[in-house]
Structures are given as C-alpha cells and as structure tokens.
Amino acid sequence: MSQLAEPRTMTAERPGGDALVSVRNLTKRFPITRGIIFQREIARVHAVEDVSFDIFPGETLGLVGESGSGKSTTARLITKLIDATSGSVVFDGQEITGYSRRQMRPLRREMQMIFQDPYSSLNPRQTVGQIIGSPYAIQGGERNVRRRVQELMNRVGLNPEHFNRYPHEFSGGQRQRIGVARALALSPKLIICDEPVSALDVSIQAQILNLLEGLQQDFNLTYLFISHDLSVVRHISDRIAVMYLGHVVEVGSAEELYENPKHPYTASLLSAVPQGTGGGHHRVVLAGDVPSPIDPPPGCVFHTRCPKARMVSGSPDEVPENCRTEFPPLGEVEPRHLAACWYPLKAGEELRQAAHR
Amino acid sequence: MGRYVIRRLLWTVLVVLVVTLLTFVVFYVMPPGNPSVRFAGKQPTPELIAQVEKQLGLDRSLPEQYAHFLRRLFLGDGTECPLVYRPLCSIESVENFVVLDTGGCATGVSGCGWPGLGMSFDSRTAVRQELIERTPRTLSLIFGAAVIWLVVGVSIGVISALKRRTIWDRLAMGFALFGISAPVFWLGLVALWIFTVKLPFSDSLGTGYVEFGNDPVGWFTHLILPWTVLALLYAAFYARMTRGNLIDTMGEDYIRTARAKGLPERRVIFKHGLRASLTPIVTMFGLDVALLVGGAVITETVFNIQGLGNYAVQSAVSADLPAMTGVVVIVAFAVAFMNLVVDIVYAYLDPRVRYS
Amino acid sequence: MSQVHASPRGEPLLEVRDLRVHFPTPDGVVKAVDGLSFSVRRGETFGIVGESGSGKSVTCLTALGLINRKSALVEGEVFFKGRDLLKLSNEELQKIRGKELAMIFQDPFACLHPMYRVGDQLVEAVQIHDDMSRKAARERVVELLAAVGIPRPRERVRDYPHQYSGGMRQRAMIAMALLHNPDILIADEPTTALDVTVQAQILELIERIKEEFQIGVILITHDLAVIADVAQTVMVMYAGRSMELGARDAVFDKPLHPYTWGLLESIPRVASKGELLVPIEGAPPSLINVPPGCPFHPRCPHRFSPCDDQRPDFKDRGGGHPEACHLSAEDKRRLWSEREARRTKVAV
C-alpha cells in the first residue's frame, strides 16, 4: 500500500499544546481466512488505513462516518481492545502501541468508554451501586465506595437512593446515565463515547448531550465522540474528523468543517443530512453504495463516487488520473483544516450532482 | 453449491480417517503390553511370540499396521484365517482377553485378521459379518421411527404454535411432557403387553426382526410397535422445538412483510414461517439419527431386535474388543455421514451458508 | 370528531376517525392508540412523528390488519376508498394489503426472507394479486427493480437478500410495495437503519414515486428533520394520541403544543452551531399508566390547573391546525416566541 508513507507531522493542525492522544499512521486490517485444515488468508478487510489525528486535552473530537467507515475500530485501537496492524498511538506521552495487557492496566483507568446500547452494556445482575463502584474494586479498592458512588449518581442526575436497584428498573436515558457514571468513576482523562445517544429517544438525547457537556466543563474531560449523526456531532464537538472507508478524509474545527467543507465526501455527507428546513436545499445524492472494505478502490477511495472528480474531468464517466492512482495525503488546505483530496473544494463552491447513477 | 458440497465431502472423508486413526490408537496401540504375548498363550516361548508378532504384523511400523487395519476395515479380512490362529485356537484363555475357541478359526471363516475387525471373542463369529447382518435391522428401526417422529412431532409443534394458549396447545404440550418423561423400557413393555397379550391381533404384531426382502408385510408389522415406542420420545422433543422455533419465526420482520404483501395466512405459515423454523430441526434430526445407530439399545432389547445397539452393549459388557471396534467405527461413520447430509440440506435450505 | 382537518386538495384517501387500539395484558391495558383522527390525501406525504411508544406504528399496522386482532381491542373507523378497514374480514383485507395499501418497514435487513431469492419474493407478491404467468410476473419485477434504481436488475433478481446492501434491500422493499400501483404507501421508519447518504437516496426515491404514481405516502419517523424535509402535513404523536396536526410549515414554524416545542428544542440542528439544547424533563410515560388529563402534563413546564385531570380536546381552534392543549391561543403564541428568543440568544 503506497499510502503507508512516512509519518507526517500533524502539529500544524493545532500549534502549541501537547496532545493527549496522538494517533499516527494507524492501520488495522482484519484477515479473512479460508481453508479446510490450513487456514490461508484470502483477503483483508481494510478497516482502518493510515489514520493520523490528535486529541488535545479538554476538547471534544468528533469522529463521523457511515457504517463501515472504521470509526469504532479506531476507538478500539486507541483503547487497545484490539491490536493495530501498524502505526502508533501515543497516550499522555506514552507510546502504548506495543504495550501488553499488564502494561495497559494502569492506563485503563485513564481512558473509559460509553457505549451505544445502555441496555446491553450493563450487567443485569448487578445493582447500580455495584456497576458504578466496580472500577474501584478492579483498580484496587477504595474506602467509602458507597458514598463516592452516590455522589457520582447525584452528579449524573440519578437519584442516589436508587443505589441498590437493578438496571432493568431504569429507563433508557437513566441507564445511559449509569454508563456515564461508571465511566466517570475513576476520573479518567479520556472518555470515548461510541454512539452514546443513538439508541435514545430525541427528548432523552438532549438530556444526555447536556450532561456530557456539563461534565466536561466540571472535570476537564477530553472526549472522542463517535457518531453517525452529523447534527449531534456538530453540536458537541470542537473539532471533527470525517472517515470514509477506513481513511480520515478531513479534519477541522466543527465550525469550519460544516460551513466550509473541503473534501467532496464531507460536502456530500452534509448535504445528505435532512436540514429540517423543508426540503428545497441543494442535495448531493451520492450514487450507489460504499465500496467493500475488502477490496477498496485504488487511489483515492472516494473516487468511484466523487462528484468533484467528475466536475474536474468534465465527464460523468471519467475521473482525473491522480484520483484513480494515488491516495491524496491529508494536508493542510487552510490553517488547521486538513483534507485528503487532490482537488479540495474552494470556499462557496457547490458540488453539482454527478450525472451517472 | 457444487464447491460447497465438495468441500463438505472432503471434510467428511478427513473426519472418517481421523476417527479410524483414533480407534486404531485407542484399541490397538494404547492398551499396555505386547498383544502378541497375550496371543501366545500361558507359556509363551520367545519363538512363538516372534512368530505371532510376525503374523499379526506387529513387527512392522505403526503406520504400516494402520494401513493394514484400514484395508481390512474397508475391504474385509481376507478369505482365510491367518496361520497363526491354528496353534492359538487351542488356547482356552488369552490372559484377560476372552476365549478364543477353535470353532471360527478352524472353519476358516473370513475375518480373523489383526489388526482389523477380526473375530468376536465372544460369539466366535466374524465381526464384519455380524455388522452386515445387524446394520439393516437397526437402520429399519431408525428409519421408520424417524419418519413417524418427524411427521408427528413437527405437526404437533406447528398446531401448538399456531393455536398458542388454546386447549390444543395445552393438549399437545401435555403429550410432549408425557413423551419426554415416559421411560422407553416401560413404554415398550406396556405396548407389548397391550398389543400382543391383551388385544386380539397379537399374531400380526410381534417382536424380533423379519427381513424386508423376505416378507415386507412381516417386516412392517414386526417393526410398527418398536417404531412407535422409539418415536414417541423424539416426537415429543421435536414438537416442543418446532413450537418454540415457529413462535419465534412468526415474530420476525419478514413474516410481517409476507403478510403485508397480502399472502393468505396459510401460505405465510407454511412457505415463509416453517422453512425458517425447520432449519435448526434439520441439524438435530441428523445427529439424532446418527446417534441412534448405536444407541437404540433399550428399544432393540425390549423388542428383541438383534441390532447394533444391542451388539454394542453385549460387546462392552464382555470386553469383546473386536466387536466394540466394529460398532464404534460404524457409529462414527454414521455420525460423519449424517453430518454431511445435514450440511448439504442446510445449505440447500439456507443460502447464506452456501456463500459464506 | 370527524373531518379534523380540511384542505382544498381533494377527498381524503384514507381517513382515520377516533381510533383506539388497546392491548389487555396481565399488567394492565396498554393503550397503544387512544383516540386518533387524521386523513391522508392523494399526492400528499403525511408525516407522523413521535418517540418510541407513541403509537405511530401501531396505528398503521392496525389499519392494515397486521396486528393480532384477537389480542387487541380496536375501536373507531379507518375509511379507505369508502370502506371501513376495521370491519373487513381477514380475507378481504388480504386482497387490499400489498395491492391498494402497501407498507415498507424500518429494518431492511430483517424484512426480506433470508432463504428466498429477492426476485422470487417479489414474483410471489405479483402473483398473489394478479393472475399472471411466472414469466410475465418476473418481467414486472425486473421493470420495477430498475425503476427503484437497482443496477443490473435482470441479474440481481436471482440474488438472495444477504447479497444486497441495506440501501438496495430497502429499494427492493419499495419495488415490492409498488408492484400493484397502490393508492397509499406506508413507510414505517424507512431510513432509520440506513446511513445518511443512503437515507437521502431513499427519501428522494419515495418523493419521486409519490409524484410519479400520484399516491399518498404516510411517513412514520422519530426524526423531525426527515419529516420537515419531505412531509407536507405533519402529525405529532405522544402516548398514543395526536398532539397537533397541520401543514409542515405551520407545525415547524408556529408549533402550538408544548410537546412539539420540547421536541424542536431538544434536537441539535446541523445548520446552526451553539444553540442551547433544552431537553424535555423526564421520560415518556408507560402506556399502561398514561397520566390522566393531558398525557404530557407531568413533563410540561407550562402546565396549569386543568392539565392534570381534564383531557384536552384535539380540535381545530382556527387556522386549520388542530391541537390538544389547554393553553389559550395567545399564551401559546407568547410562550413559543419567548422560547424561540431564549434559544437563538444563546446561539448568537
């Protein structure tokens, strides 16, 4: 893979300030094996390809992309729930890529996760107190666990008297609060939120989003916020990284990225979001489906569906040669706004709908 | 589909080979001590041991012995008894192995080979011949019972699922509970008592086995009771399973789609619902049938059918090594074969399997 | 409570009057739908929006006879082309389902039978209503698959559902729904399980079909932005009841019910950053214990004396925009503009 180039420096993205998490050239390929006795590898799922970004203390980095774009795999790589094929992850100054399970243990308390499904991520046989208090036990115990847990419950908006209740006695929104409290218990530095509000009703979503924002201010938390919902990501994120087929195609401040997207994929994605303004807005409907990550297109992975490439070539059936052959580096298009595109959009440039369907 | 079948076929051949290898190791390599010493009798001379060893093939390498074993297993034991048996035949007891009488050996019946299936210590008949005679009996028993339990079990399960929480459901599940709880030996004896002792048509029903080729009607009438008794337990299980599966399937989204298309309910159930809920039953069915090949002991005993299950128990009780080997190999073949059949049927029923 | 909402655009195609669907359970009666009235016209996209358990889906499943009639108490009327669907026998309903009234569902992954070819499932749907040869039916299927944008339909009819992507499966479902040129297409959360770009494709497709075939579309969703983009008429549901119903612009720009206000304020809008999210306090009620009076009153910041014991009528208080709230028209105007001001002030 030609795009596995030498590590690029990303400091341009945000000069000054040391990153809490620094991801460089992170790649994960899942082998697909076949065979009766001897498993031979017949293909690889290119789940995450050459991904680099930083997360700075106190900020919220949003990670958006459609299903199969590699968002969740990236999160699992950062927390080392799975091992990377190549690339590095530096967490709080420590290169953790090669860490063993035991070496990771002290770091586990520093990075916590909040999951999408509050129903299945809580042990139904434990009381809320046990669930929230369990990190203390795992990490070596603490006196007055109960008092601490009840403080936390109070802070996340749960009634502390419900200490001895079981998860099924709570509503969906309250269960997600339990998940938040559990993640908070050890005062982590980084919290990875993997689609934390996707399974909730709209009226409850806002409660959880507000809670997360409030906690961030109070405890100076850093969030990696993964979601497919672009409105939610925009609302909560300071900066956003957009993923497509395992690649980060654009990184920028939430404001910049939404107002002035540089990568044609970001622009198409944004225009596909219902605006709630009564139709009529210009919608770039991408043709077809996302290609298979087992056999991603050569060159820029987006070139098979890219409307901009077709505008450049002037023909609905053609794309410029460099789009077909070489993956564009994630470079700074405007200050602190990076995009991986040979032909980034200019400010105010509108994508015309690609002619082919 | 073709590729898939070939792959499964190769896999099955491999499994069978592994099973025979394990059998060979368990029965011929692992028992401690030199078998030729046991065969050489109470006062073995070194010469005799050497002779036995040579004639048993024990002087050859293990892979060669295994190849020998395999050949015998598949192609039979040759026509004549090896010479070694003649001197041995006079020996009454071979250590803790049992009597090896002149009878079988002297007449030169095929099948005394070692390694290989050889001769039963117990009955002094060739194991292979015994298996050839007993297998059709057991298969007849299983076949008939399987047909009954499938038809009865699945029908009851479907009715029960569709008439959920009605009197029919309760009755059906009551029947299932009875079928699962009633012990086969009791059921068999009661059935025998009622149908052959108490009722007038006792002549036409009976125990024992009549060969299909000789008397198809007799075959049927002699088997109908054992079929029913054996099928009852399984029918009960299958009824429960069908009911559960069908209830789950009828809640699936694609069933709602089928209804939304405007299909009549009958078609929704039988074309869309049943197909999806029967796939797990196929797996169960294959394994149940395969395991019964050596496992229908009680039914065979109660109804005096000299089948494989019977043989398995007899040989185990009397430590009849060659007979045990024979039964083990046949059951293993049956399991491997039924697994192959299940896999193919499953792939036919569920296309997702084929393409994965 | 007839004719709740009069619009100049022709006769209603489907008219629901005071529909009640109650499911008795050992724990109590689940009042899934409790006195619902609305009507849908040809060429109109009628959006029903509400949270889970608000009764959106049950309403449509009841109209189609897809709920178990034995386990439910159904009252009211659902008029469709002059007939009350609730009074039809199962056999009569079967003739209408999939022919005049078609429905597509949320999860395209689960909606097609995994063991039959996509083409065969569609052919079956053709033949059940039309006496047509298999070959002709297959032609019809290929034609429709092409119409909904499935590439190489002649080959893809032979595929099994798992060989289709989510978007293609939903297209196939739409093709199935259109086989008999229905009068009404009911789409129950048709894009919830899909990615945004695919969602845009499917919404565009439904829109195009509505225009092309001049059918009525009922779009059920929890996503306000989707409703705002594609629906002409919007009904907001809560706890099995209608909170307000009106033209899209009326509901989104001048909503009359505090629940709608709460909904609008609790979703982040992609178009504007930094707005304050004002969540609705509490959680939706259990349908076994719906609060007396206005079902929303325990969560409503504007509740006053009658709210907790008198159920507000769902009626048009002028302006062709019926709603169910005790607040006076003037209070509503004032409160909404105050909330709007508060919201946008934070944004600035």
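How many bridges join strand β1 (residues 21-34) of chain A to strand β4 (residues 86-91) of chain A? In this predicted model, the two strands run antiparallel and are joined by 5 bridges. Within this pairing, A:Thr27 stands opposite A:Ser86 in β4(A). Both strands belong to an open sheet of 4 strands in chain A, ordered β2-β1-β4-β5, in which the pairing is antiparallel. The edges of this sheet are formed by β2 (40-55) and β5 (94-95) of chain A; each has a single partner strand, so one side of each is left without a neighbour in the sheet. Helix α1 (residues 71-78) of chain A packs on the sheet and touches β1, β2 and β4 of chain A. The direction of helix α1 makes about 110° with that of β1(A).

Chain A also contains an open sheet of 8 strands, with the order β6-β7-β8-β3-β9-β10-β12-β11 and mixed pairing. Strands of a sheet pair through backbone hydrogen bonds, either parallel or antiparallel. The edge strands are β6 (111-114) and β11 (331-334) of chain A, each of which pairs on one side only. From one strand to the next, the twist averages 25°. At one end of the strand order, β11(A) pairs with strand β12 (residues 337-339) of chain A in the antiparallel sense, over 3 bridges. A:Glu334 has A:His337, in β12(A), as its bridge partner. Helix α5 (residues 172-184) of chain A lies across β6 and β7 (190-194) of chain A, and runs at about 175° to β6(A).

The contact between chains A and C involves 36 residues of chain A and 37 residues of chain C. On the side of chain A that touches chain C, the elements that give two or more residues are α6 (202-219), α7 (230-236), α8 (254-259) and α9 (264-272) of chain A. Helix α6(A) supplies the largest share of this side, 8 residues. By residue class, the side of chain A that touches chain C divides into 13 nonpolar, 16 polar and 7 charged residues.

Chain B has 16 helices and 0 strands. Of its 356 residues, 38% are buried. Among the contacts in chain B with a separation of 6 or more, 69% are accounted for by residues 24 or more positions apart.

Chain B meets chain C through 18 residues, which are in contact with 22 residues of chain C. Two or more residues on this side of chain B come from each of α11 (253-260), α12 (265-295) and α16 (351-355) of chain B. The most, 6 residues, are given by α11(B). The side of chain B that touches chain C comprises 7 nonpolar, 3 polar and 8 charged residues.

Helix α11(B) is itself mostly covered, with 7 of its 8 residues buried. These buried residues are B:Tyr254, B:Ile255, B:Arg256, B:Thr257, B:Ala258, B:Arg259 and B:Ala260. Their cover includes elements of two chains: α10 and α12 of chain B, together with β6 (101-104) and α3 (108-111) of chain C. Just after α11(B), B:Gly262 takes a positive phi of about 95°.

The largest nonpolar core has 272 residues, of which A:Ala181, C:Ala172 and C:Ile218 touch the most other members. Helix α10 (residues 216-250) of chain B gives the most to this core, with 15 residues. Domain 1 (2-127) and domain 2 (128-355) of chain B both give residues to the core, so it lies between them. Apart from its neighbours within four places in sequence, C:Ala172 is in contact with C:Leu112, C:Val118, C:Leu145, C:Ile150 and C:Tyr164.

In chain C, strand β9 (residues 233-238) and β10(C) run antiparallel and are joined by 6 bridges. C:Thr233 stands opposite C:Ala247 in β10(C). The two strands form a hairpin with 2 residues between them, and C:Ala239 in the turn has a positive phi of about 50°. Strand β10 (residues 241-247) of chain C is mostly covered, 6 of its 7 residues being buried.

Definitions and conventions
Residues numbered from 1 in each chain as written. Chains lettered and ligands numbered in written order. Predicted model: local features only at pLDDT ≥ 70, side-chain atom pairs only at ≥ 80, totals over all residues. Core = buried A, V, L, I, M, F, W, Y, C linked by C-beta atoms within 7 Å. Buried ≥ 20, exposed ≤ 12 C-beta atoms within 10 Å, placed from the backbone. Domains from an automatic or database assignment. Contact = placed C-beta atoms within 7 Å. Nonpolar A, V, L, I, M, F, W, Y, C, P; charged D, E, K, R; others polar. Pairing = 2+ DSSP bridges. Axes fitted to C-alpha atoms, helices over the stretch in contact; angles between N-to-C directions.
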